[in-house]
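I set out to record what I looked up in this structure, one entry at a time. The entries follow below.

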Amino acid sequence: MAYSEDLYIYKETHKLCKLLLDYSKNVSKVIRFGQYSVAIDKACMALDLVRRINSSFEDRERNLHEFILLLSEVRSRITLFAESQYLSVKQATNLTYQIEKVTKDGYGWLRSERKRKGES
């Protein structure tokens, strides 16, 4: 089993967390210490889940579902921040693109896990 830090999905999730942190400088304090902080926390929890998913086959599918759910929650907050103009269009686009990449990888990992178990 590869080190979690070497996995593409880990690197991309890490990049998502870094983008969220970098963009937090431009968000008002009211939002930054409220729901924006929640988005960062959820992205960091997703990063921690990659390590847990990679470390054991036990509960891997459940953890992958949780990983994908966390990313969808981050995405919904990013959409809300963009619509409320707390994030610029470019920032929201960059974050959405990164979330889509990581979510796609998560679904791919879930499909391969189901194949490994012999499910369709």
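I began with Gln98: apart from neighbours within four places in sequence, I found Gln98 in contact with Glu12, Lys15, Leu16 and Leu19. I note that the model is a predicted one.

I then looked at how Gln98 meets Glu12. Their side chains are joined by a polar contact of 2.6 Å.

Is Gln98 buried or exposed? I noted a relative accessibility of 2% for Gln98; buried means under 20%, so Gln98 counts as buried.

Next I asked which helix holds Gln98. The residue lies in helix H5. I looked up the dimensions of H5: the helix has 29 residues and reaches 42 Å from its first C-alpha to its last, close to the 42 Å expected at 1.5 Å a residue. After H5 comes Gly118, and I recorded that its phi is positive, near 90°.

I turned to the largest nonpolar core, which has 34 residues. Which of its members touch the most other members? They are Leu20, Tyr36, Phe67, Ile78, Leu87 and Leu95. I then checked the helices: H1 (8-23), H3 (35-55), H4 (60-83) and H5 (89-117) each supply at least two residues of this core. The helix that gives the most is H3, with nine residues.

Not counting residues up to four places away in sequence, Ile78 touches Leu20, Leu87, Ala92, Leu95, Thr96 and Ile99.

Conventions: Residues are numbered from 1 along each chain as its sequence is written. This is a predicted model: local features need pLDDT of at least 70, side-chain atom pairs count only at pLDDT 80 or more; totals for chains, interfaces and linings use all residues. Side-chain values use heavy atoms; hydrogens and water are left out. A nonpolar core is a set of buried Ala, Val, Leu, Ile, Met, Phe, Trp, Tyr and Cys residues joined through side-chain atoms within 4.5 Å. Buried means under 20% relative accessible area, exposed over 50%, partly exposed in between (1.4 Å probe, protein chains only). Helices (H or I, at least four residues) and strands (E, at least two) are DSSP runs, numbered from the N terminus. Contact means heavy atoms within 4.5 Å. A polar contact is a pair of N or O atoms within 3.5 Å; within protein, one must be able to donate a hydrogen and the other to accept it, and residues adjacent in sequence count only if both atoms are side-chain atoms. The expected span of a helix is 1.5 Å times one less than its number of residues.
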